[in-house]
Amino acid sequence: MVYHVMIGLLWAWFLRELWGQFNVRWVITAAVGSILPDIDHIYYFLGYGKRDSYAQQIFSYIRASEWRHLFYFVATGHKHLTSLSYHNIYTVVFFIISAAAASFFDWQVGVVLFGAMVSHYIFDMTDDVIQLGYINSNWKRWGRPKK
Ligand SMILES: [Zn+2]
């Protein structure tokens with residue numbers, strides 16, 4: 001998450017260079033935008049994914065207060081959570097188009113926000129490739145995996 005914010009801020013800094021002006025609102029927007037896509041995780045655990053074995057395992061650790069197990073499970077297993085509905089290439093394309101449209105209409109906050117969100121997904125994908133050697137299946141489909 002810290003990485004996400006750092007990359008978001010890098011994006012804000014890049015735009016500052018590009019536009020030759022600075023606005024503190026952009027920094028905040030970039031930071032928020034860079035972590036916004038991870039609402040998907042919260043939504044997964046509380047909503048559409050709560051019956052998945054991955055989510056169930058985490059709940060059972062929490063219920064049993066087995067924090068060490070929980071930490072280990074999340075640290076080693078989160079890359080294998082492939083059921084996120086909105087971490088996919090379609091969402092990324094959508095926000096790239098949104099950022100381009102915002103730029104076209106000189107809506108700078110929009111460019112900052114959508115661009116920061118795109119940076120989040122690109123980081124996640126790069127992280128997949130580094131840790132797994134490939135991108136997770138959730139990137140290639142829209143919505144929930146078919147059982
Ligand atoms: Zn993410």
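User: Which residues on the other side of α2 are exposed?

Analyst: This is a predicted model. The buried residues of α2 include Trp26 and Ala30. On the other side of this helix, the exposed residues are Val24 and Arg25.

User: Within what arc do the buried residues of α2 fall, seen down its axis?

Analyst: The buried residues of α2 are Trp26, Thr29, Ala30, Gly33 and Ser34. They line one face of the helix, because seen down the axis they fall within an arc of 125°.

User: What covers the buried residues of α2?

Analyst: The protein has 7 helices and 0 strands. Among what covers the buried residues of α2 are α1 (2–19) and α7 (108–132).

User: How far apart are the end C-alpha atoms of helix α2?

Analyst: Helix α2 covers residues 24–35, which is 12 residues. At 1.5 Å a residue the helix should span 16 Å. The separation of its end C-alpha atoms agrees with that, at 18 Å.

User: Is His80 buried or exposed?

Analyst: His80 sits in the loop between α5 (67–77) and α6 (89–104). His80 has 11 inside 10 Å, so it counts as exposed.

User: What distance separates the C-alpha atoms of His80 and Asn136?

Analyst: Along the chain, His80 and Asn136 are 56 residues apart. Their C-alpha atoms are separated by 7.6 Å.

Terms used: Residues are numbered from 1 along each chain as its sequence is written. This is a predicted model: local features need pLDDT of at least 70, side-chain atom pairs count only at pLDDT 80 or more; totals for chains, interfaces and linings use all residues. Helices (H or I, at least four residues) and strands (E, at least two) are DSSP runs, numbered from the N terminus. A residue is buried if 20 or more other C-beta atoms lie within 10 Å of its own, exposed if 12 or fewer, and partly exposed in between; C-beta atoms are placed from the backbone. The expected span of a helix is 1.5 Å times one less than its number of residues. The arc is that of the directions from the helix axis to the C-beta atoms. Two residues are in contact if their C-beta atoms, placed from the backbone, lie within 7 Å.
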